[in-house]
Amino acid sequence: MNRVRRPALQHPLAPVFARAVESITAALNHDTRRHYHGTARNFLIYLATEHSDISTLEQLRRDPHILGWLARLRSQKPLLVTASCINLLIHMRCIFTELAWTGQLPDLAHLIRSDDIPRMPQRLPRPLTMEQDQILQQELSRRNDSGANALLLMRHTGIRIGECADLACDCLRSTGPDQWAIHVPLGKLKTERMVPVDSFVCELVQRLRFFRSVDVVPHDGFLLPRPHSKEALVRQIRDYLHQVCVAADLPVRIVPHQLRHTYATEMLRLGIRFPSLMKLLGHVSPEMTMRYVDVALTDLQREYHLARSQPRHLVPRPKNPLTLTPGGLEGVIESILATQHALEMFRRTLPDGATRRSLNRLSNRLTKILSEARKLQTPEE
């Protein structure tokens, strides 16, 4: 179905803004170009409505023209989500910068300031709980169809839903004897990567190849069949996951991206190093990966307090009473080592601050005490 084309905007500044947008978006994709044109249209409609006397760039002022437009955006019904507001302001600032350069009007570049652009709220990853993860994987394994195996593949590789839709049939690559990796093509951040996988993931890919071979959709080189387009396939996967959650009687709404969060958190629990996790997830900045570290530390702190309050829940009762430690200096050294270990495990769960620094100093003192105790243990010559 063809898109309904909107009538051309009748405003004296429309041709000037259109040329600026075309200059900015010359090397960008169609959707981005359309969003820029939409932003310019939004602003010019506001000008025509509220400031009909404006017909040249020289007349534009931050107050009242830009501040009035910002107020209109913030009072819009229904309210603009933060991401949409950010995109509008960033696009408009780029347009004004371009107009400032081409029109030799430097003041235009300062009409929209950095502090006008709202910040996205901090969104921590939402990994599934162990129970939710187990229930979901059991239901997906039971179904064992194309959609279920695609979701399991996302869960055990941490790839995004769009990356999964773009996987090629030959995405499974041998990297050594009995070593395999999934080749993830250019995705959200314009990067590609290799994700090491185990035999279970290799089996998932083989199943998906089989389902692809018997699908009625003509073969196009992709691992997953596209009913009409990539966007249609993504919607199909989202809807399928919702159906699975309802069938499994999961009380919360789960989205595909949570499978990526669950994978990342699992890798951290298993002790993977930070730079390695960045590469596995295809992140381009440490800040993106740090969100997962925050979640892992929160999880660790919860487990620590659970262990302290309910030790039988996580730690088996020792066979011998704790008081039966070796006597003499050897027992003292073992007690110091145990105290130092417990102290360090707790210190790592704390954020940077005075408490963590105090515990670090205390740990250093224990190290010195331990060193002196070991000297006493060594017989004098």
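Here is a quick briefing on the sheet, the cores and a helix pair in this structure.

This is a predicted model, so bear the cut-offs in mind: local features need pLDDT of at least 70, side-chain atom pairs count only at pLDDT 80 or more, and totals for chains, interfaces and linings use all residues. Residues are numbered from 1 along each chain as its sequence is written, and side-chain values use heavy atoms, with hydrogens and water left out.

**The sheet**

- Three strands make up an open, antiparallel sheet in the order E1-E2-E3; strands (E, at least two residues) and helices (H or I, at least four) are DSSP runs numbered from the N terminus, and two strands pair if DSSP finds at least two bridges between them.
- Strand E1 (172–176) and strand E3 (193–197) sit at the edges with a single partner strand each, so one side of each has no neighbour in the sheet.
- From one strand to the next, the twist averages 40°; axes here are lines fitted to C-alpha atoms, for helices over the stretch in contact, and angles run from 0 to 180 degrees between N-to-C directions.
- E1 pairs with strand E2 (residues 179–184) over four bridges, in the antiparallel sense.
- Ser-174 has Trp-180 in E2 as its bridge partner.
- Helix H8 (residues 199–213) lies across E1, E2 and E3, and runs at about 150° to E1.

**The cores**

- The largest nonpolar core has 47 residues, and Leu-136, Leu-140, Leu-151, Leu-153 and Ile-182 have the most contacts inside it. Such a core is a set of buried Ala, Val, Leu, Ile, Met, Phe, Trp, Tyr and Cys residues joined through side-chain atoms within 4.5 Å.
- Helix H9 (residues 230–247) gives the most to this core, with seven residues.
- Leaving aside residues up to four places away in sequence, Leu-151 touches Leu-140, Ile-237, Tyr-240, Leu-241 and Leu-259 (contact means heavy atoms within 4.5 Å).
- A second, separate core of 31 residues includes Phe-43, Ile-54, Leu-57 and Phe-96.

**H2 against H3**

- The axes of helix H2 (residues 30–50) and helix H3 (residues 62–74) come within 10 Å and cross at roughly 110°.
- That makes H2 and H3 roughly perpendicular to each other (65 to 115 degrees; under 35 is roughly parallel, over 145 roughly antiparallel and the rest oblique).
- Phe-43 and Tyr-46 are among the H2 residues making the contact, and H3 residues in it include Ile-66 and Trp-69.

**Asn-87**

- Asn-87 lies in helix H4 (residues 82–102).
- At 42% relative accessibility, Asn-87 counts as partly exposed (buried is under 20% relative accessible area, exposed over 50%, partly exposed in between, with a 1.4 Å probe and protein chains only).
- Asn-87 and Tyr-36 are 51 residues apart in sequence and 9.2 Å apart in space, C-alpha to C-alpha.
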